[in-house]
Amino acid sequence: MLWPSPSPSPGRSRSSSNTKGDAALSAHRQDPVRRLAAPDIAARKGGEPIVCLTAYTAPVAAILDEACDLLLVGDSVGMVVHGLPNTVGVTMEMMILHGQAVMRGSRKAMVVVDMPFGSYEGEPSIAYDNAARIMKETGCQAVKVESGPTVPATIDYLVKRGIPVMGHVGLRPQAVLVDGGFKAKGRTEVERERILAEARATADAGAFAVVVEGVAEPLARDITAAIAVPTIGIGASAGCDGQILVTDDMLGLFDWTPKFVRRYADLKGEIAAAAASYAADVRARTFPGEAETYFSKKP
Ligand code: KIV
């Protein structure tokens, strides 16, 4: 169990008079915090916008949890945290480790973990084994897969076996080597039709929501109108049912960000200034000072 429950210890009888145990039990029953899950997100179609951000670590997940409906442990972790050039090199072990951290740090947001490149595009039964491993080892509420010709059949296979799946259409970062870079998609009629068909197939296969990445506004609106489950946009205009950003982008940790990112902080500047102040203090021998020093106890 990931969250210690305040219920009485297992050997203790519920009927014995035990005020502390009873109080703990009733506090547990009244605890209003329940983690959101796939049906809650699916029910928000056309309603209150769904707020999503990526998260990769426990402390950041704990900070984001209050503001977000959904935290995505995106395979962007490969680029953002591990310095990879794209997401192709991300492994199951990386996703599980970061998924576990985000589950430990968060409490109320739904946690979705990306299935990494190579873990779901082949046989549906192999995708099932990998998805089930992610669910069991992290405790997350769903997995996400990027679209492709074989993927709707796999989504159907996973959902029928109890694994909630989020789809991902438009710009597909895992397909960057075949799609030719991180460029907006759906700008020609042929590509537009293909992406719309992929979104329909993803939703029809049973996905509870679909990420729409890097597409022009009219296509994002058409996808949102065409499918019965929520669309979560990233670089896909306000015409989606919800929005997601890579947290490190919106916090201003990088010099360059794509056009669709709005920076809500300048953490790169703050961290650089903090490091410079620390370095100056160490060099001037003003850190550590008395306040940061242990002294012997007086006899
Ligand atoms: O990996 C990721 O962070 C994502 C988002 C960009 C949606 O898939």
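## Strand pairing around β2

Two strands are taken to pair if DSSP finds at least two bridges between them, and the elements themselves are DSSP runs numbered from the N terminus, with helices (H or I) of at least four residues and strands (E) of at least two. The model is a predicted one, in which local features need pLDDT of at least 70, side-chain atom pairs count only at pLDDT 80 or more, and totals for chains, interfaces and linings use all residues. Residues are numbered from 1 along each chain as its sequence is written.

Strand β1 (residues 50–54) runs parallel to β2 and is joined to it by three bridges, with Thr 54 standing opposite Leu 72 of β2. Between these strands the chain passes through helix α3 (residues 58–64), and this β-α-β crossover is right-handed, a term that applies if, with the strands pointing away from the viewer, the path from the first strand over the helix to the second runs clockwise. Strand β3 (residues 110–114) is also parallel to β2, through four bridges, and Val 112 is the bridge partner of Leu 72 there.

A residue counts as buried if 20 or more other C-beta atoms, placed from the backbone, lie within 10 Å of its own, as exposed if 12 or fewer do, and as partly exposed in between.

Helix α6 (residues 124–138) has 15 residues and should span 21 Å at 1.5 Å a residue, which agrees with the 21 Å between its end C-alpha atoms; the expected span is 1.5 Å times one less than the number of residues. Ala 127, Asn 130, Ala 131, Ile 134 and Thr 138 are buried in α6. They lie on the same side of α6 because they cover an arc of only 95° around the axis, the arc being that of the directions from the helix axis to the C-beta atoms. Ser 125, Asp 129 and Lys 136, on the other side of α6, are exposed.

## Backbone geometry

Ser 237, in the loop between β7 (231–234) and β8 (242–245), has a positive phi of about 70° although it is not a glycine. Ser 237 is partly exposed, with 17 other C-beta atoms within 10 Å.

Arg 285, in the segment after α12, likewise has a positive phi, near 60°, and is exposed, with 8 other C-beta atoms within 10 Å. The segment after α12 (267–283) also holds Pro 288, and the peptide bond from Phe 287 to Pro 288 is cis, with omega near -5°.
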